[in-house]
Amino acid sequence: MSYDETLSVEQEMERFMKGLIRRNPCEEEFHQAVHEVATTIIPWVHDRPLYRNARILERMTEPDRIISFRVCWEDDNGNVRVNRGYRVQCNNAIGPYKGGLRFHHSVNLSTLKFLSFEQTFKNSLTGLPMGGAKGGSDFNPKGKSDHEVMRFCQAFMTLLFNHIGADIDIPAGDIGVGAREIGYLFGQHKRLTNEFTGVITGKGLEYGGSLVRQEATGYGAVYFLEDMLKERGQEMEGKVAVISGSGNVATFAAKKLMALGAKVVTLSDSSGYIHDPDGLNEDKLNFVLELKNVRRGRISEYADAFNVKFYPGERPWSVPCDLAMPCATQNEINKQEAEILVKNGCIAVSEGANMPTEEEAISVFQQAKLMFAPSKAANAGGVAVSGLEMSQNSLRISWTEDELNRQLRDIMARIHDRCVEHGRDGDRIDYVKGANIAGFIKVADAMLAYGVV
Ligand code: NDP
């Protein structure tokens with residue numbers, strides 16, 4: 001059926017979202033991620049029959065393939081445990097599937113469909129040849145012994161390895177999948193295939209990993225923030241920053257903010273947040289890195305160690321700040337929290353986490369003309385350096401830290417430029433629109449070139 005040209009943009013939006021919700025019932029996070037993109041893409045394609053008649057957005061919201069499998073493993077007491085594993089291969093129009101694995105008790109198909117959809121746009125924005133995917137499991141590594149995590153990772157990879165490969169699909173880490181898990185997953189893949197290839201990124205430096213990968217997402221999100229500030233003639237020096245999370249993205253965002261002269265006054269985890277009015281310094285950050293990566297403890301211990309206040313069960317958005325960086329998880333800033341941030345004088349938000357801001361909260365920021373960097377642009381630095389890790393693995397060489405830092409900085413600046421190009425709206429930049437359109441065009445053009453597939 002050809003496109004109904006009599007429909008207005010609003011009617012087309014309604015038709016499109018109704019169809020999406022009918023085909024994907026009860027997947028609210030997926031609906032939210034698609035709605036946010038459709039709001040800018042549908043008006044844009046409305047006047048471009050080439051994309052519209054080829055139904056590109058409909059095709060992009062139907063993943064190429066979804067793999068779901070049972071993962072059985074034994075805990076330390078010999079009990080049999082059962083989890084569910086997934087890989088959602090969303091779109092490989094511009095390169096092999098690429099995206100992280102998340103191990104968290106909340107993981108379900110809706111989470112992974114939203115993440116793989118976002119990843120498709122994000123990977124396109126990097127300018128590197130990578131398609132979009134995401135995977136994971138409802139397995140919760142928290143409180144498990146190293147041996148239990150190893151047995152789970154080995155069982156998970158045994159089910160996944162047939163579907164991935166260095167030219168097919170290259171997973172990486174995400175929430176709950178850090179250096180330890182990547183080591184176990186890669187080790188099992190190597191054992192099963194008798195191959196040493198760049199099939200996973202985020203690897204240890206001893207076995208094919210890349211310098212700067214660990215830092216890349218947090219650093220990249222701060223570089224994007226720096227470019228937004230520059231665009232408005234502002235500087236990072238002296239700004240007060242509020243961060244959520246205390247994992248990979250949050251800690252390296254904090255490190256780069258500090259290096260650029262900002263004062264970071266909060267960190268959080270799923271049990272609450274700490275407020276340190278004097279700001280973090282190198283020693284305090286090293287304490288957090290050891291706490292989270294070695295002892296696997298709670299952020300409340302920071303409050304005890306440095307005599308600051310811990311706010312149990314709360315998020316940090318009521319703390320007055322110039323800059324806010326949500327770096328924990330999806331939907332962690334709601335409308336009321338956005339209003340408080342605006343009221344307290346926040347001027348810019350850069351999303352380190354994926355989709356941390358609810359749609360109503362984004363509207364609050366946009367109405368207040370606050371600079372708002374959506375995750376698909378702001379946190380693309382991680383996957384960009386993963387792409388560079390893939391290149392190094394294929395070439396069997398290792399680039400230096402300086403070289404990789406330079407490439408990361410250039411990639412983030414290019415993403416910012418593309419968002420400005422497609423998002424300029426009078427005297428302000430709509431970064432949401434800019435990121436969506438810039439990410440869409442490259443994937444859409446490749447899909448058009450392939451015909452109807
Ligand atoms: P980590 O597992 O290293 O850290 C996650 C942090 O977020 C922890 O402090 C965790 O607290 C907190 N958190 C997780 N779930 C919740 C929740 N439901 N409520 C409150 N706090 C929560 O993950 P990353 O830092 O790697 O990832 C953080 C975000 O960044 C995610 O959205 C991820 O998709 C995104 N991202 C990550 C990239 C990467 O390179 N790592 C790349 C691009 C995006 P606790 O320990 O208590 O669970």
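Are Y219 and Y223 buried or exposed? Both Y219 and Y223 are buried, with buried meaning under 20% relative accessible area, exposed over 50% and partly exposed in between (1.4 Å probe, protein chains only).

A word on the ground rules. This is a predicted model, where local features need pLDDT of at least 70, side-chain atom pairs count only at pLDDT 80 or more, and totals for chains, interfaces and linings use all residues. Residues are numbered from 1 along each chain as its sequence is written, and side-chain values use heavy atoms, leaving out hydrogens and water.

Now the rings. Those of Phe, Tyr and Trp (its six-membered ring) pair if their centres lie within 6.5 Å; planes under 30 degrees apart are stacked, over 60 edge-to-face, and the rest tilted. That rule gives 23 aromatic pairs. Here are two of them:

| Pair | Centre distance | Plane angle | Type |
|---|---|---|---|
| Y219 and Y223 | 6.4 Å | 70° | edge-to-face |
| Y273 and Y311 | 4.7 Å | 10° | stacked |

The second pair links distant parts of the chain, with Y273 in strand 8 (residues 272-275) and Y311 in strand 9 (residues 309-312), 38 residues apart. Strands here are DSSP runs (E, at least two residues), and helices are too (H or I, at least four), numbered from the N terminus. Y273 has 3% relative accessibility, so it counts as buried, while Y311, at 22%, counts as partly exposed. As for Y219 and Y223, they sit four residues apart in helix 8 (residues 213-231), so about one helical turn separates them.

There's also an aromatic cluster, formed by F69, W73, F103, F139, F152 and F156.
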